[in-house]
Amino acid sequence: MARAIRTTCAYCGVGCGIRAEVTGERTVRIAGDPEHPANFGKLCSKGTHLGETVGLEGRLLHPMIGKAHAGWDEALDLAAARMRATIAEHGPDSVAFYVSGQLLTEDYYVANKLMKGFIGSANIDTNSRLCMASAVAAHNRAFGEDLVPCTYDDLDEADLILLVGSNTAWCHPVVWQRIEAARAARGTKLVVIDPRRTETAEQADLHVAVAPDGDVALFNALLAEMRDRGLLDTAFLANRCEVPEGFVDGLAARDPGVPHATFAALADLVAAHPRMVTLFSQGANQSRSGTDKGNAIINLHLATGRINRAGAGPFSITGQPNAMGGREVGGLANTLACHLGFSGEERADAAMFWNAPNICAGPGLKAVDLFRAVHDGRVKFLWVMATNPAVSMPDAGFVREALARCETLVVSDVMADTDTARLAHIRLPALAWGEKDGTVTNSERRVSRQRALFPAPGEARADWAILCDFARRMGWGRAFDFAGNAAVFREYAAMTALAVRHGRKLDLTDQASLSDAEFDALEPFIWGGAHPLAKGASHAGGKARLIAVHPAPIAHDPAYPLRLNTGRYRDQWHTMTRTGLSPTLSQHRREPLLEVHPADAAREGLADGGLARVTTAAGESLFRVAISDGQRPGDLFVPMHWTDEMASGGRANRLPLQETDPLSGQPGFKDTPARVEAV
Ligand code: SF4
């Protein structure tokens, strides 16, 4: 007899609700949950084919020390002994966690509490650093808190939607369906601002093929244009915003970086449609000026008063299922917990709340710096959870080298044999989607339950439970004696009282007394309401801040005359450890293709379907060529999913450099100087 269970998708930050019908021991029928407000029953190809990925093929089912099976006691005793010895000799900052947006909020909460309150370091960072850290930094600068001021409902009510650096039709397909529905129902205009003519751009009313990293110049020019047309909301600016002296008035109508006619068409659309939502994603965030891009977008919305009301606002859409939960509990190295910073008072409050003996002194290492520290031996103990940095980090060859040098590498994962797991001294089997149980927060701040469909296979355990067991071995058992995932959630919800006390809007305190049964039955809810900044920003004084941002100079290196952009394919996810299991999903694109403009292909002697070598200062990789006039001349594109082991070449993340946005620490995956040659 089939069992129906409501849960959420394993993949992107849209956070779609799923009705899963468990039909056998490891089989499930997947359908969209018609009652879930993120998707109202719709799913994309990745979500629809989740049932093809729940088998046990390739799973890590037992703790392993080296290549040998070990018991949980033996593996965790060894990990704890190694961490204790490392801290005793080198201090708490010689150990680190590198975690993932695949973790549930309860896993994240326990990992963060353990590292920042008990181990005494803030060296916990997450693969979300590669996804949306620039949006977080932009929110913090503008609003005083990491707040997305919109929800998906605003897409239904906007008259104009700007998509910046987002191939939404492929990467957030259910949001795309919602945009398409709004266009059909009410004639919503759509502009795509993206260097590539993607599948999304092809369907827009206007495609603005901005140069890589040209967004700040474009949005500054738009702001100047709205000022010159008399369309700034002067009352909103005066009463609700702090504006850097002379910034708006001083903006000259500089070169927007796109043809005059394109800019004029864009400006006309923006001027005519005050109900405007700007969705921005990795194309904006994954940049050495990603934070400035976010603020350039937010500036335009603040200056025109297009925020805090239906159908208007800047809206960061993010990558992973737990798009926001990790940010909320403190999974980034530059946040303490629950939107708190590292001031003396905030640290003291967190220490008291946790009864923590070793509250960290300040921010920890962000992802790129963290792997540099592993490489040069400053971090000697690293625990990687639910992610595969040997493939996904920029300059992945360097990261692989760093992992191989690490004195103690612990990996908790679902799969036995990822590129990262292969280098681990200790491997710990974690629960996969379909076995995990807890909460996630999607891109619109909606908290939903992810529920277990199957019992834990082998000796696999929940990440939060593994961490609690580890903490007990470190001597901190009482603070990690959670009776279950509901108890972890209650403690997190209660801790948001500290956020409120410090003037933040993250407030889940009304969830802090849920019973276990109520937690189990928890319906999706949005914290902060539809427009959480409507009553003021979280800065002292309650005003939002425009930030003076200026285009970063683009360096030209004659040795690398082209610009390499990396991104996603429609039917693959991250490093393919899950979607690679689905035969159906693998049919969409069977191998990674190098997209090249015809003029560049002709100059370099590349043939469509032939092989080419892409070289950057970080490394080189081979790809099959796809000549495409959807590329700007001078720009290359490759997908990010493949590893050496899956194809002869095609490993994209060997190529991007370790250069990051100075504020957010997010790597610039989108504009790596490169050259290409036929092979
Ligand atoms: Fe899953 Fe995202 Fe697709 Fe929804 S849009 S089904 S959350 S991958």
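A: The model shown is predicted. In it, nine residues of domain 1 are in contact with eight residues of domain 3. By class, the side of domain 1 that touches domain 3 has six nonpolar, two polar and one charged residues.

Q: Into which domains is the protein divided?

A: The division gives domain 1 (3-53), domain 2 (64-131 + 325-521), domain 3 (133-317) and domain 4 (562-678). The centres of domain 1 and domain 3, taken over C-alpha atoms, are separated by 31 Å.

Q: Which residues come nearest to the ligand?

A: The ligand has 14 residues around it, and Cys9, Cys12, Cys16, Cys44 and Gly47 come nearest. Two or more residues of this shell are given by each of helix 1 (45-48) and helix 7 (173-186). Domain 1 and domain 3 each supply at least three residues to the shell. Sorted by class, the shell holds nine nonpolar residues, four polar ones and one charged residue.

Q: Helix 7 contributes to that shell. How many residues does helix 7 have, and what distance does it reach?

A: A helix can be judged by comparing its reach with the span expected at 1.5 Å a residue. Helix 7 has 14 residues and reaches 20 Å from its first C-alpha to its last, close to the expected 20 Å. After helix 7 comes Gly187, whose phi is positive, near 70°.

Q: Which residues of helix 7 are buried, and against what do they pack?

A: For burial, the criterion is 20 or more other C-beta atoms within 10 Å of the residue's own. In helix 7 the buried residues are Pro173, Val174, Val175, Trp176, Arg178, Ile179 and Ala182. These buried residues pack against helix 5 (153-157), strand 8 (160-164), helix 6 (168-171), strand 9 (189-193) and helix 8 (199-202).

Q: Which strands are joined to strand 25, and in which sense do they run, parallel or antiparallel?

A: Strand 21 (residues 562-567) runs parallel to strand 25, with five bridges joining them, and Asn565 stands opposite Phe637. Strand 22 (residues 593-596) runs antiparallel to strand 25, with two bridges, and the bridge partner of Val596 is Leu636. Strand 25 (residues 635-639) is itself mostly covered, with five of its five residues buried. Asp635, Phe637 and Pro639 point one way from strand 25, whereas Leu636 and Val638 point the other way.

Q: What is phi of His339, and where does His339 lie?

A: His339 has a positive phi near 65° and lies in the loop between helix 15 (325-329) and helix 16 (344-354). His339 is buried, with 27 other C-beta atoms within 10 Å. Arg445, likewise not a glycine, has a positive phi of about 70°. Arg445 is placed in the loop between strand 17 (438-441) and strand 18 (446-450), and it counts as buried because it has 24 C-beta neighbours inside 10 Å.

Q: Where is Pro212, and which residues does Pro212 touch?

A: Pro212 is in the loop between strand 10 (206-208) and helix 9 (215-228). Pro212 counts as buried because 22 C-beta neighbours lie inside 10 Å. Residues up to four places away in sequence aside, Pro212 touches Pro195, Arg563, Asn565, Asp635, Lys670 and Asp671. Pro212 and Ala284 are 72 residues apart in sequence, with their C-alpha atoms 9.2 Å apart in space.

Definitions and conventions:
Residues are numbered from 1 along each chain as its sequence is written. This is a predicted model: local features need pLDDT of at least 70, side-chain atom pairs count only at pLDDT 80 or more; totals for chains, interfaces and linings use all residues. A residue is near a molecule or strand if its C-beta atom, placed from the backbone, lies within 6 Å of it. Helices (H or I, at least four residues) and strands (E, at least two) are DSSP runs, numbered from the N terminus. Ala, Val, Leu, Ile, Met, Phe, Trp, Tyr, Cys and Pro count as nonpolar, Asp, Glu, Lys and Arg as charged, and the others, Gly among them, as polar. Domain bounds come from an automatic or database domain assignment. Two residues are in contact if their C-beta atoms, placed from the backbone, lie within 7 Å. The expected span of a helix is 1.5 Å times one less than its number of residues. A residue is buried if 20 or more other C-beta atoms lie within 10 Å of its own, exposed if 12 or fewer, and partly exposed in between; C-beta atoms are placed from the backbone. Two strands pair if DSSP finds at least two bridges between them.
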